[in-house]
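Open the model in a viewer and keep the sequence panel beside it. The stops below can be taken in order.

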Amino acid sequence: MNPSAQGWIKKLLQEVAKNDFFLKEKEVLFYSDLRACGFIYGSNLSVVKRVIINQDLTEQELCKTNLCLALLYTHNNSNSKLDFIDSVVSFYGKINHLKTSFFQEFLSGSSSSEQLEKIIHKRIQIDDNIFTKNFNYFIVNALLFVDILAYQHFLKHNDISKTYVKNLEAAIEYISLDTLKSKAKINQYDESLIKLFESSLRHQSYAQISYTDAISYLNTPQEKQYLLDLACMATWSDRTIDKEEQLFLAKLGKDLKLDAHRVKQSISSVNSFYTLHRDNIALLSSKNIVKSFYNNSSIMVSKLITRNSKRLYHELKDSKELVVLLSQSTIRDLSKAEQKKVQEQLIDIFKSIPSLAIFLLPGGAILLPLVVKFMPKLLPSAFDDNRIED
């Protein structure tokens, strides 16, 4: 399954039909699973419950998959008689998080699954520009579980208003963002989390609300648990939550009418998740902008080449001069003339493979050195003596 290509939702549902055990889990257990894979924290590191095993999914693709699976679980555990895909498309139409003209573009001449693929793709984005993304810490939306809560409300009442979503986000903004901004000393983690939360809010610039108002906006156990987990994210710093912050979280849990065990569990979960995955979570990284661009671009180029390896291999077989130059690039630096020749011939190859069209966009040439770095892995072993088979 490739969540970046058309038809991925149908393929996912087909896979789930073979392995649907997670759909029967209790709500509290499935929520814990979403937290364990990073969906609740906005850092997707695996597919929830490992419903599908695919080692080469990007964080964006993991996010798409987990969002779809969470929506599916919510639908399956409701009494709704609506078709899953149609109900989700209708739900997003109701809350209208997209501009009307943009949403209408989705509805013209597409099947329901294609509409949903486009909506989910747009929903998780913080920045649509592929090159700008490479300079940003964040790609995906951190507050997607708000959608799950809102969808649950929609299925229960057969309708939903913007007010419901606005109130949820108002509570998040007051408790989580105010907690972060009120810290005496704000470190890099705090600054990154503030930016991530602020860019993920659908509705902003609320009228001033009180702590009591924020608490009153939360009614279901999941809403309360979610806010508590976000508050744990906000207070977590330097691999620990200090005693003063634990007292704040204990009071918050009490005000939310959650037992002390749930509070301890939330603190333990965020500590374990961030400590275990520290090196894989963007907002914990301290990379400079150039290194961030190079690393993100390397991942993107590697994924594109891996997924198009068979077609690339056949194209390369017909470009003998390019094969020779690429093989030599593994043992020596190419001259400027040779590099230019490699670029020209690679661009000709990219024209024949639509999914590599990104390299033809303005500025795409800056990614070509990365292509040369990864390309020798596709060549026959005779051209690369140092190649190690995975």
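Predicted model: local features only at pLDDT ≥ 70, side-chain atom pairs only at ≥ 80, totals over all residues.

Residues are numbered from 1 along each chain as its sequence is written, and side-chain values use heavy atoms, with hydrogens and water left out.

**Whole chain**

Start with a cartoon view. The chain has 19 helices and zero strands; these are DSSP runs numbered from the N terminus (helices H or I, at least four residues; strands E, at least two). Of the 390 residues, 49% are buried (under 20% relative accessible area; over 50% is exposed and anything between is partly exposed, with a 1.4 Å probe and protein chains only). Among contacts between residues at least 6 apart in sequence, 71% join residues at least 24 apart, a contact being heavy atoms within 4.5 Å.

**H3 and H8**

Select residues 59–76 (H3) and 145–157 (H8), which pack at an angle of about 25 degrees with their axes 10 Å apart. Axes are lines fitted to C-alpha atoms, for helices over the stretch in contact, and angles run from 0 to 180 degrees between N-to-C directions. H3 is therefore roughly parallel to H8 (under 35 degrees; over 145 is roughly antiparallel, 65 to 115 roughly perpendicular and the rest oblique). The crossing of H3 and H8 is right-handed, that is, the near helix is turned clockwise from the far one by less than a right angle, and left-handed if anticlockwise. Show side chains for Leu67, Ala70, Leu71, Thr74 and His75 of H3, and for Ile148, Tyr151, Gln152 and Leu155 of H8, which make the contact.

**H9 and H10**

Next, select H9 and residues 188–200 (H10); their axes come within 10 Å and cross at roughly 160 degrees. H9 and H10 are therefore roughly antiparallel, and H9 passes H10 in a left-handed crossing. In H9, pick Glu169, Ser176, Leu177, Leu180 and Lys181; they meet Asp190, Leu193, Ile194, Phe197, Glu198 and Ser200 in H10. The contact of H9 with H10 has five nonpolar, two polar and four charged residues.

**H2 and H14**

Move to residues 27–37 (H2) and 260–276 (H14), packed at about 30 degrees with axes 10 Å apart. This angle makes H2 roughly parallel to H14. Arg35, Ala36 and Cys37 of H2 meet Gln265, Ser266, Ser269 and Phe273 of H14.

**Two loop residues**

Asparagine 158 is exposed, at 61% relative accessible area. Lysine 257, in the loop between H13 and H14, has a positive phi of about 65 degrees and is exposed, at 70%.

**Nonpolar cores**

Finally, hide the cartoon. The largest nonpolar core has 90 residues, and those with the most contacts inside it are Leu67, Phe145, Phe197, Tyr226, Met233 and Tyr274. Such a core is a set of buried Ala, Val, Leu, Ile, Met, Phe, Trp, Tyr and Cys residues joined through side-chain atoms within 4.5 Å. Centre on tyrosine 226: not counting residues up to four places away in sequence, it touches Tyr31, Ile40, Ala142, Leu143, Leu144, Phe145, Val146, Leu149 and Ile172. A second, separate core of 16 residues includes Ile305, Leu312, Leu334 and Leu356.

How values were computed: Nonpolar A, V, L, I, M, F, W, Y, C, P; charged D, E, K, R; others polar.
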